[in-house]
Amino acid sequence: MTGRVPLFEAEDIVMRFGGVVALRKVSVTQFEGETLGMIGPNGSGKTTFVNVVTGHLAPQEGRVRVAGAEVTRFRPHRMAAAGITRTYQAVRVFRELTVADNIATATVDAPNRMDADEIAATLDWLQLGHRLNVAAGSLTLFEQRRLEILMRLVQRARLIMLDEPVGGLSATEVRAMLQVLGDLRRRTGLFVIEHAMKVIRELADSVVVMLAGEKLMQGTPAEILADKRVVDQYLGRAHA
Ligand SMILES: Nc1ncnc2c1ncn2[C@@H]1O[C@H](COP(=O)(O)OP(=O)(O)OP(=O)(O)O)[C@@H](O)[C@H]1O
């Protein structure tokens with residue numbers, strides 16, 4: 001399609017760890033206004049891909065471009081300054097610091113940060129306003145996940161790459177998180193790694209399927225769920 005603006009373009013990414021090839025010439029482009037999902041068996045390279053795009057790993061080969069500019073091997077803070085950020089499977093917030101201080105750390109060195117009114121509105125939306133003076137380590141996992149998202153939003157991230165955002169949540173919390181993510185994708189670009197197909201089906205416009213470090217295919221949730229290779233290689237195993 002023409003006229004679509006890429007949020008990021010990753011081209012022919014190769015990432016090796018010693019003898020392990022985690023990514024074998026993987027190319028993915030995410031366009032503005034589109035939510036991308038990524039699925040695949042354990043060890044297929046999903047987290048490694050997110051780490052390359054967000055600057056946490058420097059690939060041996062390939063290129064990453066953001067808004068047309070080459071950013072390959074930029075460090076995470078430069079990627080964040082370009083608007084490309086991630087959250088973690090095991091949440092990373094400063095557990096000893098209060099929610100308010102966690103937010104303050106996220107706005108340091110963020111030239112484009114939200115102003116106080118916008119932060120207050122976002123806190124409200126994420127239902128964390130009443131928790132400002134609580135140590136982040138005493139929040140529930142669901143609250144910590146929302147705090148992590150908030151910390152990216154206050155930096156005005158253009159893309160948040162979420163690594164298993166519903167992992168470890170209860171069924172009720174999963175439903176609530178789906179609502180949060182449904183709203184979130186109207187505020188920023190979303191890229192979601194998930195094993196929970198419900199999340200992928202509800203959120204993703206397009207899904208990249210990874211297998212053994214390669215992109216097996218990409219398509220709409222309906223297309224990938226109907227693909228025999230995906231069912232055999234991934235869904236069959238996940239269900240087994
Ligand atoms: N820092 C590292 N050092 C060595 N090997 C690594 C490192 N990070 C990842 N790998 C290897 O790279 C491959 C891809 O791992 P990766 O974590 O990207 O997979 P994944 O699809 O995210 O898996 P999961 O669903 O379990 O999170 C695996 O073989 C893994 O063991």
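The ligand is surrounded by Phe17, Val20, Ala22, Gly40, Asn42, Gly43, Ser44, Gly45, Lys46, Thr47 and Thr48, where a residue counts if its C-beta atom, placed from the backbone, lies within 6 Å of the molecule. This is a predicted model, in which local features need pLDDT of at least 70 and side-chain atom pairs count only at pLDDT 80 or more, while totals for chains, interfaces and linings use all residues. Residues are numbered from 1 along each chain as its sequence is written.

By class, the shell has three nonpolar, seven polar and one charged residues; Ala, Val, Leu, Ile, Met, Phe, Trp, Tyr, Cys and Pro count as nonpolar, Asp, Glu, Lys and Arg as charged, and the others, Gly among them, as polar. Both β2 (20-31) and α1 (46-53) supply at least two shell residues, and the largest share, three residues, comes from α1. Helices (H or I, at least four residues) and strands (E, at least two) are DSSP runs, numbered from the N terminus.

β2 belongs to an open sheet of four strands, ordered β2-β1-β4-β5 with antiparallel pairing; strands pair if DSSP finds at least two bridges between them. At the edges are β2 and β5 (69-70), each pairing on one side only. β1 (residues 6-17) and β2 are joined in the antiparallel sense over eight bridges, with Glu9 opposite Thr29 in β2. α1 packs on this sheet, touching β1, β2 and β4 (61-66), and its direction makes about 120° with that of β1. Contact requires C-beta atoms, placed from the backbone, within 7 Å; axes are lines fitted to C-alpha atoms, for helices over the stretch in contact, and angles run from 0 to 180 degrees between N-to-C directions.

Elsewhere, α3 (residues 99-107) and α5 (residues 141-153) pack at about 35°, their axes 8 Å apart. Val99, Asn102, Ile103 and Ala106 of α3 meet Leu147, Leu150 and Met151 of α5, a contact of six nonpolar, one polar and no charged residues.

Terms used. Two residues are in contact if their C-beta atoms, placed from the backbone, lie within 7 Å.
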